[in-house]
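Visitor: I'd like a close look at just one part of this chain, please. Could you start with a single residue and then show me what surrounds the story?

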Amino acid sequence: MFRLTEYMQQLANPTPVRLRNPDRAVKPVVIWNLTRRCNLKCRHCYTVSADVDFPGELSQEQAFDTLEDLGRFRVPAIILSGGEPLDSPYLFPLAERARKLTRVLALSTNGTRIHGETADRVADIGFNYVGISIDGIGETNDWFRGVDGAFDDALRGVRALKKRGVKVGLRFCLTEGTHHHLPDLLKLCDDEGVDKFYLSHLVYSGRGDKNRGEDAHHQRTRNALDLLLDRAWLAAADDMPLDIVTGNNDADAGYLLRWVRRNFDDDKVAHLREHLAAWGGNSSGLGVANIDFLGRVHPDTYWSDYTVGNVKTTPFSDLWTGNDPMLATLRTRPRPLKGRCGECRLKDVCGGNTRIRALQLTGDPWAEDPACYLTNSEIGVAQSERLQVTPFRGKSHDPQHQFF
């Protein structure tokens, strides 16, 4: 996650850079898909969820054993997700226990079922944050999410939680079919008192891979970032409440540096670059981990075809601190990147971006990320033909059989 508002605040009120201790293992934020069941049919769904029961999901006993291990391992944050996590039969008892075991507990939901007693229970547990996905206003959201009325139901959920004093964020996936609603969604955040806005770039995983031809064009992405940068600067300079973050395209860090060079002096640019380099860009396999509905552990939520192991047989803490070769390579800095990403002068602040897109298009996780929207001159590489996003034409590449 790229914390845009936080970096804007570094321009308004600079603080010293906190460097990561290379000898200290990073405890990851764990995104936990409790179930694959979901009442919506989103076009970008990385789990290809549906409103049916799926076999093999963790039992309540297995889930609680895993949670206790996460607590002993002292992970800094747990994000309970799905599918739709409210469809999990043990969401609330698990969340009540998780609240005592981790510093940050979040809920990632489509929001359509949060009202009445359900909203009361979410509020009573004390989630630090509830993220609700809305991908456009009205019919656009309903088309993107595959169910009529999803927008109205999600907005009802936002209002129910705000009424109960819960910190709420809206999550929005930028595509060719949704980009025109970005200004309206920012206005919706202001009108409803939403605390956070999260713009997600499309990742080619699950239905998101099958619909990768709908990814936002590079210029469209730049236009969206221009709007967010201006809004985030206003928030930082004028102490406006909306927190703006982006995800799944770490080229956003390079685009922010470009914006800073145009608007501030060299000292500000150098200061911000130090902070961005300390952050290091993409954190798959290092600062973020995923446990899926079957108990399989992945470097992040989009690496569904690469499994480190399964918590049904091995504790997460052992898997994460073991000798998995992909985790070791993802944690390498610089990563063994190729093409534009390998030559890029900004890879220290980007980390090579989202590797799964390169994998899905080429079969090589270290090839260039085709969703990088920065020009060759902006990243300091020679002019060359860029990797093009081609339509999905069959089975995705299976990384389990071709990495090593």
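Visitor: Where does P334 lie?

Guide: P334 sits in the loop between α13 and α14. Those labels come from DSSP runs, numbered from the N terminus: a helix is an H or I run of at least four residues, and a strand is an E run of at least two. Before going on, a word on what you're looking at: this is a predicted model, where local features need pLDDT of at least 70, side-chain atom pairs count only at pLDDT 80 or more, and totals for chains, interfaces and linings use all residues. Residues are numbered from 1 along each chain as its sequence is written, and side-chain values use heavy atoms, with hydrogens and water left out.

Back to our proline. The peptide bond leading from R333 into P334 is cis, with omega near -5°. There is also a cis bond between G82 and G83, with omega about 15°; G83 belongs to the loop between β2 (77-81) and α3 (91-98).

The pairing is a salt bridge, with the closest N and O atoms 2.6 Å apart. By salt bridge I mean a side-chain nitrogen of Lys or Arg within 4 Å of a carboxyl oxygen of Asp or Glu. In general, side chains of opposite charge can pair when their charged atoms come close. K338 has a relative accessible area of 44%, so it counts as partly exposed. The scale works like this: buried is under 20% relative accessible area, exposed is over 50%, and partly exposed is in between (1.4 Å probe, protein chains only).

N353 is in the loop between α15 (347-350) and α16. Its phi is positive, about 65°, although N353 is not a glycine. At a relative accessible area of 1%, N353 is buried. N248 also has a positive phi without being a glycine, about 75° here. You'll find N248 in the loop between β7 (243-247) and α10 (251-263), and its 16% relative accessibility makes it buried.

Let's return to the charges. With the salt bridge rule I gave you, the count for the chain is 17. One of them joins D53 and R37, whose closest N and O atoms are 2.7 Å apart. Both are in the loop between β1 (29-33) and α2 (60-73), so the pair ties together parts that are 16 residues apart in sequence. D53 is exposed, at 65% relative accessible area, while R37 is partly exposed, at 22%.

Another one pairs D135 with R145, again with 2.7 Å between the closest N and O atoms. D135 is in the loop between β4 (129-133) and α5 (139-145), and R145 is in helix α5, ten residues apart. Here both D135 and R145 are buried.

V194, in the loop between α7 (182-192) and β6 (196-201), has a relative accessible area of 5%. Leaving aside neighbours within four places in sequence, V194 is in contact (heavy atoms within 4.5 Å) with V158, V168, G169, L170, C189 and L242. T221 belongs to helix α9, residues 218-237, and is buried, also with a relative accessible area of 5%. With neighbours within four places set aside, T221 is in contact with L174, H201, A216 and Y373.

Finally, zoom out. The chain has 17 helices and ten strands, and 56% of its 404 residues count as buried. Its C-alpha trace spans about 55 × 50 × 45 Å along the principal axes. Among contacts with a separation of 6 or more, 74% are between residues 24 or more positions apart.
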